2 protein chains.
Amino acid sequence: MDKIQSTVISTRIRLARNVKNLPFPNRLSGEEGIYTLLAKVQKTCDALFPNKYYKIDGMDRYESESLVERHLISRNLQKSKYGGAFISESEDISVMVFEEDHLRIQSIMRGFNLENAYNAVAKIDSELKKNVEIAFDQKLGYLTACPTNLGAAMRASVMLFLPGLTKLGLIDNIIMKFQDLGMTIRGIYGEGSKAEGYVYQISNQASISLSETEILNKIKKYVMQIVDYETDAREKLKSSLGIDLQNDIMISYGILKYACKMSSQEFNQNLASVKLGVALGYLNLDMDKLNSLSVLTQPAMLCFLKKKELTPQQRDIYRAEIAKSMIG
Amino acid sequence: MDKIQSTVISTRIRLARNVKNLPFPNRLSGEEGIYTLLAKVQKTCDALFPNKYYKIDGMDRYESESLVERHLISRNLQKSKYGGAFISESEDISVMVFEEDHLRIQSIMRGFNLENAYNAVAKIDSELKKNVEIAFDQKLGYLTACPTNLGAAMRASVMLFLPGLTKLGLIDNIIMKFQDLGMTIRGIYGEGSKAEGYVYQISNQASISLSETEILNKIKKYVMQIVDYETDAREKLKSSLGIDLQNDIMISYGILKYACKMSSQEFNQNLASVKLGVALGYLNLDMDKLNSLSVLTQPAMLCFLKKKELTPQQRDIYRAEIAKSMIG
């Protein structure tokens, strides 16, 4: 299977924008500007894509948590008083209002999709500018609540599946190497750099004095390098472990297919093992479907799908049911 | 599923017989009587059932070991100088010569089959007596090399699958209780009373001053008692563990279906778990087929099936292949 397809899970581009002459969200308190801005953003979004507005205040905890799990809103927004997000029906676009900045325009797409994701946010950005005056400084670029976001105020993130580099113990070197090159790599769903499920996110550290194109080119180049390192690592793993590796993978497949309950951790480990099996050609399954499973089986997502709070035991059972039905 | 069928694996009856005026096997050394007896036994067996003679001396180690694994010969016979066995084509009858006694006539049958197994050995015994004069004492009964076998010189053994009693920690009490009643219960393929795969063998301790019918009635009654205890234990297990038990069972099923290699221990544990699943109605598989799997996947049997010595790694891989093909 294609090395990019078996390594890059998804691509996300996020722009930070603030409105001229309106205090940053952490200083806001009931200004009329809040509602004016909300109305203008809504008008812009409605004109561009079918969407729904999710107001954080009053939302069920599991619903807002499930939006976090789907990366449609941030942890930060979840805590905000006035915050909310306009989310497209297909869930590839989310415009957060009153997060750390007034506006966070985000596009998230499957696979390695920098251009499309960028075009989506750029379009919204340019349409918004027709209705809203954005805070911009000739020298500093877009003004943002946190100085690390100044400049293009753009963060490009790519989610990577790196079982080879992780299992061979090479991931920490990779993290350091790309940190020196201005990138941040961190494990997802795990502590420190230890990624449960071998999933890591790479993103640009800063965007000051860089154009959008420069950021995109840089991350594109680095992701391709990591994909090559990972491909080599998988080959090494396969030739050194052989049937032991295949056995672990096939047992994980058997567990995903037949378990009656699974904790999030067990599930992620077995899913990662099965995904590695697909990448190495031991199993013939749809990688996109497997990637979507890791989102669907997150704790709040399970509650969201059942439209109610679930106990941990209920979640573990439901998680196993979903795995079974999607693994076939 | 039927409680006897899900608990009793197989039934074995063994008669010990010695020829008058011939030294016991441990005192034999090249006497002409050896060959005379062999010829007479062969004649009797040939008249009764299609068979093959397996001479221990010169046999490949794995072949004799695979006969032990199938319970067709004893460990004791494997070490004997003149020993051998006439084994029926269907492998339900084995007449060992020059084991501890001159003759050990054995029938082994699937399931709970005391009468049929007894009739099979009794028939061979009575036919043999037409050709061979058997050592018999009015007071002691059949004379045997070891005094514990005197009397009817019959041992009836029943192989039992007791996961419920084992998991509930009740098996040691059961073993003691039936020991006091003249029975021996021991774990198969494990140390002490700890049976890998929850398989135990119950047999009568002695046969002196007991008739064949008394032995059969006694063991029949006790086996039925144990079957009832086990059935209760399984119900308790099911209601107390519920989905946790079902989950363990289904994971074992997944492992048997998909593993690429399995040690004997792993295999036996997972097979036992799957058999418990069938007994509890979680899985719908053929119990006889599962029971035969535990014989087929023993180390020497695997070599025997491949007609050559295999390394442990080769055995583990072949064991997984057989499991996969038979579990479907």
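These exercises work through a predicted model with chains A and B.

**Exercise 1. The make-up of chain A**

Find how many helices and strands chain A has, and decide how compact the chain is.

*Solution.* 
Step 1: Count the elements. Chain A has twelve helices and ten strands.
Step 2: Take the radius of gyration, which is 21 Å for chain A. The globule rule gives 20 Å for 328 residues.
Step 3: Compare. The two values are close, so chain A is as compact as a globular protein of that length.
Step 4: Along its principal axes, the C-alpha trace of chain A spans about 65 × 45 × 30 Å.

**Exercise 2. Inside and surface of chain A**

Work out what share of chain A is buried and what its accessible surface comes to.

*Solution.* 
Step 1: Of the 328 residues in chain A, 54% count as buried.
Step 2: The accessible surface of chain A comes to about 14600 Å². Carbon and sulfur atoms hold 50% of that surface.
Step 3: Look at the contacts in chain A between residues at least 6 apart in sequence. Of these, 68% join residues at least 24 apart.
Step 4: Chain A has 42 positive and 38 negative charges, and their mean positions are 0 Å apart.

**Exercise 3. Two copies**

Describe how chain B can be laid on chain A, and name the relation.

*Solution.* 
Step 1: Turn chain B by 180°, with a shift of 0.0 Å along the axis. Chain B then lies on chain A with an RMSD of 0.0 Å.
Step 2: Name it. This is the relation of a two-fold axis.
Step 3: Find the C-alpha of chain B nearest the axis. It belongs to Gly254(B), 2.0 Å from the axis.
Step 4: Check the contact surface. The same surface serves both copies, as 100% of the contact residues of chain B recur in chain A.

**Exercise 4. Two residues of chain B**

Decide whether Ile34(B) is buried or exposed, then place Lys20(B) in chain B.

*Solution.* 
Step 1: Ile34(B) sits in helix 1 of chain B, residues 32–48.
Step 2: Its relative accessible area is 1%, so Ile34(B) is buried. The cut-off is under 20%.
Step 3: Leaving out residues up to four places away in sequence, Ile34(B) touches Leu28(B), Tyr82(B) and Phe98(B).
Step 4: Lys20(B) lies in the loop between strand 1 (8–17) and helix 1 of chain B. With a relative accessible area of 43%, Lys20(B) is partly exposed.
Step 5: With residues up to four places away again left out, Lys20(B) touches Glu133(B), Ile134(B) and Ala135(B).

Key:
Residues are numbered from 1 along each chain as its sequence is written. Chains are lettered from A and ligands numbered from 1 in the order in which they are written. This is a predicted model: local features need pLDDT of at least 70, side-chain atom pairs count only at pLDDT 80 or more; totals for chains, interfaces and linings use all residues. Side-chain values use heavy atoms; hydrogens and water are left out. Helices (H or I, at least four residues) and strands (E, at least two) are DSSP runs, numbered from the N terminus. Buried means under 20% relative accessible area, exposed over 50%, partly exposed in between (1.4 Å probe, protein chains only). Contact means heavy atoms within 4.5 Å. The radius of gyration is taken over C-alpha atoms; the globule rule is 2.2 Å times the number of residues to the power 0.38. Accessible areas come from the Shrake-Rupley method with a 1.4 Å probe; for residues, only the protein chains shown count as cover. Lys and Arg count as positive and Asp and Glu as negative; His and the chain ends are not counted. The place of a charge is taken as NZ of Lys, CZ of Arg, CG of Asp or CD of Glu. Copies are superposed by least squares on the C-alpha atoms of residues with pLDDT of at least 70 in both.
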